[in-house]
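Hi,

Here is the structure for you to look over. My notes follow below it.

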Amino acid sequence: MPKCIARKLISLSSICIVASLMSFTANAEPVSYSVLQAEKGEKKYLAYCEECHGEDLKGGTLGGALLRGNNFLGNFGGGSPASSLFQYISEMMPPESPGRFSPTAYTELMAYILKRNGFPEGSPLPTDLDALDNLTVGE
């Protein structure tokens, strides 16, 4: 393939990526969750997650990842789609049995984590990955 055609394809690809990112940002809304989701999520968290991640979400006796503060926001904040957090916890947690909970249970856990990180209550979190793609975590 001649170099000029390859450069044009690379440029065109770059433009498409930037345009899709701009589209995501333009259509995305800030993440929120319902009070009920956060309450249910807290119960599940205390039963299944606290031992690894700690009561304060800053690490437990088994050394689980920090789920509160700058570490959490660095991984899942900064305008990231809410689907990133949902996918991570639903595909990786709990470590001994990833994906064992229902999508509803994972969104409840997610709501509790968001609450503890100071995100506002509002509309319930959807369980649909495509809908979560249109919600941003932080700015």
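His53 counts as buried, because its relative accessibility is 9% and the cut-off for buried is under 20%. Bear in mind that this is a predicted model. His53 sits in helix α3. Leaving out residues up to four places away in sequence, His53 touches Tyr45, Lys58, Gly59, Gly60, Gly64, Ala65, Leu67 and Met93.

His53 also turns up at the largest pocket. Cys49, His53, Leu67, Met93 and Pro95 are the lining residues that lie nearest the pocket centre. The lining comprises 29 residues, and the pocket volume is about 450 Å³. Which helices supply at least two residues each to that lining? They are α2 (35–48), α3 (50–53), α4 (70–76), α5 (82–92) and α6 (103–116). By class, the lining has 22 nonpolar residues, four polar and three charged.

Two of those helices, α5 and α6, also pack against each other. Their axes are 10 Å apart, at an angle of about 115°. The crossing of α5 past α6 is right-handed. On the α5 side, the contact uses Ala82, Leu85, Phe86, Ile89 and Ser90. On the α6 side, Pro103, Tyr106, Thr107 and Met110 take part. Seven of the contact residues are nonpolar and two are polar, with no charged residue.

Next, Asn134. Asn134 lies in the loop between α7 (129–133) and β3 (135–137). Is Asn134 buried, partly exposed or exposed? Asn134 counts as partly exposed, because its relative accessibility of 39% falls between the 20% and 50% cut-offs. Setting aside neighbours within four places in sequence, Asn134 is in contact with Asn27, Ala28 and Glu29. Pro81 is 53 residues away from Asn134 along the chain, yet their C-alpha atoms are separated by 6.6 Å.

Last, the chain as a whole. The chain has seven helices and three strands. From the N terminus, the order is α-β-α-α-α-β-α-α-α-β. Of the 139 residues, 30% are buried; His53 is one of the buried residues. Take the contacts between residues at least 6 apart in sequence: 62% of them join residues at least 24 apart.

Then turn to the contact of α5 with α6, where the axes pack at about 115°.

Best wishes

How values were computed. Residues are numbered from 1 along each chain as its sequence is written. This is a predicted model: local features need pLDDT of at least 70, side-chain atom pairs count only at pLDDT 80 or more; totals for chains, interfaces and linings use all residues. Side-chain values use heavy atoms; hydrogens and water are left out. On a 1 Å grid over the protein atoms alone, a cavity is a set of points where a 1.4 Å probe fits but cannot get out, and a pocket is an open set with protein on both sides within 12 Å along at least five of seven lines; lining residues have an atom within 4 Å of a point. Grid points are joined across faces, edges and corners, and a volume is the space filled by probe spheres set on the points. Helices (H or I, at least four residues) and strands (E, at least two) are DSSP runs, numbered from the N terminus. Ala, Val, Leu, Ile, Met, Phe, Trp, Tyr, Cys and Pro count as nonpolar, Asp, Glu, Lys and Arg as charged, and the others, Gly among them, as polar. Axes are lines fitted to C-alpha atoms, for helices over the stretch in contact, and angles run from 0 to 180 degrees between N-to-C directions. A crossing is left-handed if the near helix is turned anticlockwise from the far one by less than a right angle, and right-handed if clockwise. Contact means heavy atoms within 4.5 Å. Buried means under 20% relative accessible area, exposed over 50%, partly exposed in between (1.4 Å probe, protein chains only).
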